[in-house]
Amino acid sequence: MRDFIQALPKTETHLHIEAGLPFELLRAWQPAKYPAASFFRQPDYRFPNFPKFDEVLLGHALPWFTPAERYYESARVVFAQHVAENVLYVETSFHLPVSQYINVPAREIISAIRAAVPPGLEMRIFAGMLRTDYVGPMQAVIDDSENWDELAGVDLHGFEQMPTEPWTAKVWARLRAAAR
């Protein structure tokens, strides 16, 4: 049965690249800061709510994903595991606000992820924006996203119970017209 399951072609259609950061990369990078027995890695641990999950996730991801090269390294490890599991198609997203937080253009993040894709793995990359992102410098980033050739589309990230704001309708229409 194990060989049969291994031989089946598979897809990964909802990979958040920051959330998929292999913990072993953090451990190798700063073992004292990222202990193997972290509370949230215990088999019986459940996050009490999404904001706590988001806090832990971003607390681990933001220190790691500072240059675009770290996106490459993380994606390389994740995609190698996909290939080992006979995954043939992956849709991944990166958290668009991180590009502003780390001051790395989104196009560089997309290129770093794309560079990590091994031969034989089909990949589509999406930008994940928050329902509250269309303010300040993020507005220009979102408006420019329709021009990013390697971007397959835009997704909503974050706390799903937050209302979808009216600005999103215009953004979705523009992205749809640009075939994103």
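V78 is found in helix α4, where helices (H or I, at least four residues) and strands (E, at least two) are DSSP runs numbered from the N terminus. The model is a predicted one, in which local features need pLDDT of at least 70 and side-chain atom pairs count only at pLDDT 80 or more, while totals for chains, interfaces and linings use all residues. Residues are numbered from 1 along each chain as its sequence is written, and side-chain values use heavy atoms, with hydrogens and water left out. V78 counts as buried because its relative accessibility is 10%; buried means under 20% relative accessible area, exposed over 50%, and partly exposed in between (1.4 Å probe, protein chains only). Leaving aside neighbours within four places in sequence, V78 is in contact (heavy atoms within 4.5 Å) with L15, G20 and P22. The C-alpha atoms of V78 and R174 are 32 Å apart, for a separation of 96 residues along the chain.

We turn next to the core. A nonpolar core is a set of buried Ala, Val, Leu, Ile, Met, Phe, Trp, Tyr and Cys residues joined through side-chain atoms within 4.5 Å. The largest one here has 48 residues, of which I17, Y71, F79, F94, L96, I113 and I142 touch the most other members. Helix α4 (residues 68-84) provides the largest share of this core, six residues. With residues up to four places away in sequence not counted, I142 touches L96, M129, D133, Y134, W167, V171 and R174.

Helix α4 also packs with helix α6 (residues 106-115): their axes come within 8 Å and cross at roughly 30°. Axes are lines fitted to C-alpha atoms, for helices over the stretch in contact, with angles running from 0 to 180 degrees between N-to-C directions. The crossing angle therefore makes α4 roughly parallel to α6, as angles under 35 degrees count as roughly parallel, over 145 as roughly antiparallel, 65 to 115 as roughly perpendicular and the rest as oblique. On the α4 side the contact is made by A68, Y71, Y72, A75 and F79, and on the α6 side by E108, I109, A112, I113 and A115.

Two loop asparagines complete the picture. N86, in the loop between α4 and β2 (87-95), has a positive phi of about 65° although it is not a glycine, and counts as partly exposed at 22% relative accessibility. N103, in the loop between α5 (96-101) and α6, has a positive phi of about 60°, again without being a glycine. N103 is exposed, with a relative accessible area of 68%.
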